[in-house]
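Colleague: I am new to this model and would like to go through the words used for it one by one. Could you show it to me, and then set each word against its cut-offs?

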Amino acid sequence: MWLVVESDEPVEGLAELSDWLGQEPELRGLVSGNTTPEPGELGSLANALVVAVGSGGVLSVLAASLKTFLALPRRPDVRIKVDGRPDGRTVEIDAKRVRDRDVEALLREALGRDE
């Protein structure tokens, strides 16, 4: 699963999200990404985190952590695009609407696991 932060400062937002997810014991070692573009990079891949969500409760932990991250008062204009479907579709989680949505259901949709 790829997570892309869309905001006024996407690189900073992605670095904050990376730090935030890195504090979750259940997610340690499952989140990777380079939040700083290398010389000559335009930033598209540098602005994505990769989260390994296999079996177990990792998806639930990720969903709870994202919901809390997005609900923080300093994040009203942050959106996270989630990609990981074989058909290339993406799901967007908007901080303005996070309280109204089931983040775990959105993550499952992004992965094509609508179970």
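**Reading the terms**

Colleague: Why is Phe69 called buried?

Modeller: Phe69 has a relative accessible area of 1%, and buried means under 20%, exposed over 50% and partly exposed in between, with a 1.4 Å probe and protein chains only, so Phe69 counts as buried. This is a predicted model, in which local features need pLDDT of at least 70 and side-chain atom pairs count only at pLDDT 80 or more, while totals for chains, interfaces and linings use all residues. Residues are numbered from 1 along each chain as its sequence is written, and side-chain values use heavy atoms, with hydrogens and water left out.

Colleague: What makes Trp20 partly exposed?

Modeller: The relative accessible area of Trp20 is 25%, which falls in the range between the buried and exposed classes, so Trp20 is partly exposed. Glu26, in the loop between H1 and strand S2 (31-32), is also placed there, because its relative accessibility of 46% makes it partly exposed. In the protein chain as a whole, buried residues make up 36% of the 115 residues.

Colleague: Why is the pair of Trp20 and Phe69 called tilted?

Modeller: Rings of Phe, Tyr and Trp (its six-membered ring) pair if their centres lie within 6.5 Å, and planes under 30 degrees apart count as stacked, over 60 as edge-to-face and the rest as tilted. Here the centres are 5.9 Å apart and the planes stand at 55 degrees, so the pair is tilted. The structure holds one aromatic pair, and because Trp20 lies in helix H1 (residues 10-22) and Phe69 in helix H2, it ties together parts that are 49 residues apart in sequence.

Colleague: How do you know what counts as a helix, and how many helices and strands are there?

Modeller: Helices (H or I, at least four residues) and strands (E, at least two) are DSSP runs, numbered from the N terminus, and the protein chain has three helices and five strands. From the N terminus on, these elements run β-α-β-β-α-β-β-α.

Colleague: Why is H2 called oblique to H3?

Modeller: The axes of H2 (residues 58-71) and H3 (residues 103-111) come within 8 Å and cross at roughly 125 degrees, where axes are lines fitted to C-alpha atoms, for helices over the stretch in contact, and angles run from 0 to 180 degrees between N-to-C directions. Angles under 35 degrees count as roughly parallel, over 145 as roughly antiparallel, 65 to 115 as roughly perpendicular and the rest as oblique, so H2 is oblique to H3.

Colleague: What makes H1 oblique to H2?

Modeller: H1 and H2 pack at an angle of about 130 degrees, with their axes 11 Å apart, and that angle makes H1 oblique to H2. In this packing Gly13, Glu16, Leu17, Trp20 and Leu21 in H1 meet Leu62, Ser65, Leu66, Thr68 and Phe69 in H2, where contact means heavy atoms within 4.5 Å.

Colleague: Why is Ser65 called buried, and which residues is it in contact with?

Modeller: Ser65, which lies in helix H2, has a relative accessible area of 2%, so it is buried. Leaving aside its neighbours within four places in sequence, Ser65 is in contact with Trp20, Leu21 and Glu24.
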